[in-house]
Amino acid sequence: RKNVKKKKEEKKVEKYDPSDSTKPIPLEYNLWAEKETGGGTVIHPCQIFQRRPVKVEAKIAPGGGTLPPTKEVEHGWEYYIHYEGEDRRMDCWMPFTKLRFTGPKLEKKAEEDDHHKDHNDNVTKVRNFNEIQIGEYVMPTWYFSPFPLEYSRYNKLVFCEFCLDFFGNQSELDRHSRKCTWTHPPGNEIYRSDETNISVAMFEVDGKKEEKYAQNICYIAKLFLEHKTLSFNTHPFLFYILCEITPRGCVMVGYFSKEKYSEFNFNLACICTLPCHQKKGFGKFLISMSYELSKIEGKSGSPETPISDLGQKAYNSYWQAKLIEVLSQSKQEQLSLKELCKITSMTLENVTQTLKDLDVLHYDNREGHHIAIPESLIKRYQEKRKKLEENRGRVYVRPADPNKIRWYPFHALEMNKQARKKAEDQKL
């Protein structure tokens, strides 16, 4: 019975005859497509998510008249494909001429592509905008984001770089910009620092007080984060907006959010660095800031899961660098796992796994767990850090400096407000 139910639930993919190029290829059809790589063009397995008619434009021949239609125009369709085994930010529209009906098999891992199984809606599989523009930066989008339906007719959205209001036309943004008086995010500045060829500031924005601004950030983040669940209720969250300080004002380069009251001690709900500002140290800065805030709160924390592949790489890099730094600077011969958790505000699980990844956590029956970090590993870390600091020509932001943070935990501020209100009521 169970097998019968499963068969009923499975979607039947329409049969297709490759020899008949006049008919459109069915949705969810598996085939192959050309893929550009660093080493040239390869043929890669893919699946069709969506299709649309090709816009036919008659081409004039040199001697007059019109040229005969190409195979692509003759077929009449183009296809939105997902490359098997690749992240969905690689999905794209593909002309019929670049599709193949035979090709090499892909060796799939057991866990591969599992995160695509939840995306059953063909609408949300397809990017709804080709690119966005914030200030002078134009960025190709990676994923679908549920902007209001009235914007679905536009291929590109333009944003005010300060209030993050969005428009379908540049003329609308120009009109808005003449009236907009914002020069920074609508919150309290909690950090400011001069870094290598850039000055940065961070603002704390309450998702309840600044609901529209917070929702605009979520719309933008969803364009670049596949696993982000967009919630229109931003009230339970605080948003920490990292900005580049420019002559015009403070312009957002990235952000992270966290719950005001986290049941599981998560110190970060969502993190995003805009693609145009990646490779400048902003991601590690945001991660380090989330842990510095945890230290002020006196807690250990970790990011919410699931986390994107790029986010996981950034966290692994930060965790490893932080533990190597702490262990190399420690005056104690041996630090316990609990002491490392206290110093870094990382959870025991993250500390243990990172030490295992570094291959420095060992166990024996007499001493139990002990950490043995080789000098070669410390030397590699120090050389890498020195190289970054010596490269004065690039834009680079160091991890957050705890001495420059001006911040109080949200729950402490709320308790303060309640205490003041109680005192005022008693006077009355």
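Start by selecting residues 211-222, helix α5: at 1.5 Å a residue its 12 residues should span 16 Å, and the end C-alpha atoms are 17 Å apart, which agrees. The expected span here is 1.5 Å times one less than the number of residues. Helices (H or I, at least four residues) and strands (E, at least two) are DSSP runs, numbered from the N terminus.

Before moving on, some ground rules. This is a predicted model, in which local features need pLDDT of at least 70 and side-chain atom pairs count only at pLDDT 80 or more, while totals for chains, interfaces and linings use all residues. Residues are numbered from 1 along each chain as its sequence is written, and side-chain values use heavy atoms, with hydrogens and water left out.

**Stay on α5 and colour by accessibility.** Buried means under 20% relative accessible area, exposed over 50%, and partly exposed in between (1.4 Å probe, protein chains only). In α5, 10 of the 12 residues are buried, so the helix is largely enclosed by the rest of the structure. Y213, A214, Q215, N216, I217, C218, Y219, I220, A221 and K222 are the buried ones.

**Zoom out for a moment.** The chain has 11 helices and 18 strands, and 43% of its 428 residues count as buried. A contact means heavy atoms within 4.5 Å. Among contacts between residues at least 6 apart in sequence, 60% join residues at least 24 apart.

**Next, select Y219 with its ring partners.** Ring pairs link F129, F147, Y151, Y154, F159, F166 and Y219 into a cluster. Rings of Phe, Tyr and Trp (its six-membered ring) pair if their centres lie within 6.5 Å; planes under 30 degrees apart count as stacked, over 60 as edge-to-face and the rest as tilted. By this rule there are 20 aromatic pairs. Look at F129 and F147: the ring centres are 5.3 Å apart and the planes stand at 85 degrees, so this pair is edge-to-face. The two residues are 18 apart in the chain, with F129 in the loop between α3 (122-125) and β6 (131-134), and F147 in the loop between β7 (137-140) and β8 (156-159). Both F129 and F147 are buried.

F166 is buried, as is F147.

**Select residues 249-259, strand β13.** Here 10 of the 11 residues are buried, so β13 is largely enclosed by the rest of the structure. Two strands pair if DSSP finds at least two bridges between them. Strand β12 (residues 237-246) pairs with β13 in the antiparallel sense over 10 bridges, and a hairpin of 2 residues joins β12 to β13.

**Show the nonpolar side chains.** A nonpolar core is a set of buried Ala, Val, Leu, Ile, Met, Phe, Trp, Tyr and Cys residues joined through side-chain atoms within 4.5 Å. In the largest core, of 44 residues, M202, F256, M289, L340 and L355 touch the most other members. Centre the view on M289: leaving aside residues up to four places away in sequence, M289 touches Y191, M202, F256, A400 and I405. A second, separate core of 36 residues includes F166, L223, C270 and L274.

**Move to residues 77-83, strand β3.** Of its 7 residues, 6 are buried. Strand β2 (residues 40-53) pairs with β3 in the antiparallel sense over 7 bridges, and P53 stands opposite W77. Strand β4 (residues 92-95) pairs with β3 in the antiparallel sense over 4 bridges, where W93 is the bridge partner of Y80.

**Two charges to pick out.** A charge sits over a ring if NZ of Lys or CZ of Arg is within 6 Å of the ring centre and within 35 degrees of the ring normal. The charged end of K125 sits over the ring of F49, 4.3 Å from its centre; that of R89 sits over the ring of W142, 5.4 Å from its centre.

**Last stop: residues 309-329, helix α7.** Its 21 residues should span 30 Å at 1.5 Å a residue, and the end C-alpha atoms are 30 Å apart, which agrees. Buried residues of α7 include Y315, Y318 and W319.
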